[in-house]
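Subject: Structure handover

Hello,

Here is the structure I said I would pass on. My notes follow below it.

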Amino acid sequence: MSADRITFGAAALPEPDRDWLAAVERLPIESVWQGGHVLPPTASGEAITRLALMTAWTERVRVGAAVLLLPLYHPVLVAKQLADLDSRSGGRLAVGIGVGGEFPNEFDALGVPLGERGARTDEAMTILRELWAGGPVSHQGRFFSFDDVELRPVRAPGADDSAMQPGGPPLIVSGRKGAAMRRAARRGDGWLPYLFSPGAYERSVATIRAEAADAGRDLDGFEWMAYIYCSVRPDGDRARDDVADFLGAAYGDKPRSMLDRIAPAGTPDEVAARLQEYVDAGVRHFVISPAAHTDTLEVVTLAANEVLPQLVVPAEAPR
């Protein structure tokens, strides 16, 4: 993704749907995203399954996990699954990485201590890259050990190695706290926070750049992304009601002014003004997650056709 232009992705909520995805592919949208828990409190899909559906049901757009809870998966198995999906999709996969923790029963059931999730994620990211580099791999770590393991991804009929991304799909780190920012700076190919205000995003950019500099890491090609809950409607009041109904329960009696800082809502012009603040803070690719229970395609359509054209990259990028 280019740093000198703004692009949009869309979250396929509540579940991937073939017709919805086909409609989104006709829009100026460059990616579609879905994540998933293993044992959530309500019936919803799992990340790898949802990625498989989206790669099968799309042809053009990039397909991303937002997010894959990496500490819940054995890295050798998930490396194989993701490599196969990347190959069969023609190199269209991106992997948002998160550590989870909001549902401790997932970790208990899978035998993963909650306090180890960050360290497991770091080691697993290293293993993914080692396996995706090709050839036999041996690894002796704190959590995972194996000798002479080699991945052989499935290729689509008639495809060659060029169908896959060299070194595997990018690992885009998600989160909201300092540990996630450090992980993005030192190990990630991009940054995808959620429920961030523009000011919080600007501070996270500064933190990540400083951490990368301390590590001697060049962030050239790093993807500055944001997962943004929002609603865009011709009727701005309806859009604001969407967000209050969709997100308000998670924040108790917090005022709408607080929700507006993290979940833009309104007419296309109003949302464009809010998203421009994120652009000025450093965002270059937005994952638009419709904060609405109905008519989510309208939200994405208005965002792509009427909000995106109004956004302008500032003359000088934030440092």
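Predicted model: local features only at pLDDT ≥ 70, side-chain atom pairs only at ≥ 80, totals over all residues.

In which loop is Leu195 found? Leu195 sits in the loop between strand E8 (190-193) and helix H7 (198-214); helices (H or I, at least four residues) and strands (E, at least two) are DSSP runs, numbered from the N terminus.

Residues are numbered from 1 along each chain as its sequence is written, and side-chain values use heavy atoms, with hydrogens and water left out.

Backbone

Most residues other than glycine have a negative phi, and most peptide bonds are trans. Leu195 has a positive phi, near 55°. Leu195 counts as buried because its relative accessibility is 14% (buried means under 20% relative accessible area, exposed over 50%, partly exposed in between, with a 1.4 Å probe and protein chains only). Asp295, which is not a glycine either, has a positive phi of about 55°. Asp295 is in the loop between strand E11 (285-290) and helix H11 (296-307), and with a relative accessible area of 46% Asp295 is partly exposed.

The peptide bond from Leu13 to Pro14 is cis, with omega near 0°. Pro14 belongs to the loop between strand E1 (7-11) and helix H1 (18-25). Another cis peptide bond, with omega about 0°, joins Ala66 and Val67.

Val67 lies in strand E3 and is buried, at 19% relative accessibility. Leaving aside neighbours within four places in sequence, Val67 is in contact (heavy atoms within 4.5 Å) with residues including Gly35, Gly36, Ala47 and Ser174. The C-alpha atoms of Val67 and Gly36 are 6.8 Å apart, although 31 residues separate the two along the chain.

Val67 is also one of the five residues closest to the centre of the largest pocket, with His37, Glu102, Tyr194 and Tyr229. On a 1 Å grid over the protein atoms alone, a pocket is an open set of points where a 1.4 Å probe fits, with protein on both sides within 12 Å along at least five of seven lines; lining residues have an atom within 4 Å of a point. The volume of this pocket is about 1,500 Å³, taken as the space filled by probe spheres set on the points. Its lining has 47 residues: 26 nonpolar, 15 polar and six charged. Here Ala, Val, Leu, Ile, Met, Phe, Trp, Tyr, Cys and Pro count as nonpolar, Asp, Glu, Lys and Arg as charged, and the others, Gly among them, as polar.

Core and rings

The largest nonpolar core has 103 residues, of which Phe8, Leu68, Trp191, Leu275 and Phe286 touch the most other members. Such a core is a set of buried Ala, Val, Leu, Ile, Met, Phe, Trp, Tyr and Cys residues joined through side-chain atoms within 4.5 Å. Strand E9 (residues 223-232) gives the largest share of this core, eight residues.

Phe8, Tyr278 and Phe286 form one aromatic cluster. The ring centres of Tyr278 and Phe286 are 6.2 Å apart and the planes stand at 85°, so the pair is edge-to-face. Rings of Phe, Tyr and Trp (its six-membered ring) pair if their centres lie within 6.5 Å; planes under 30 degrees apart count as stacked, over 60 as edge-to-face and the rest as tilted. Tyr278 is buried, with a relative accessible area of 0%, and Phe286 is buried at 0% too.

Regards
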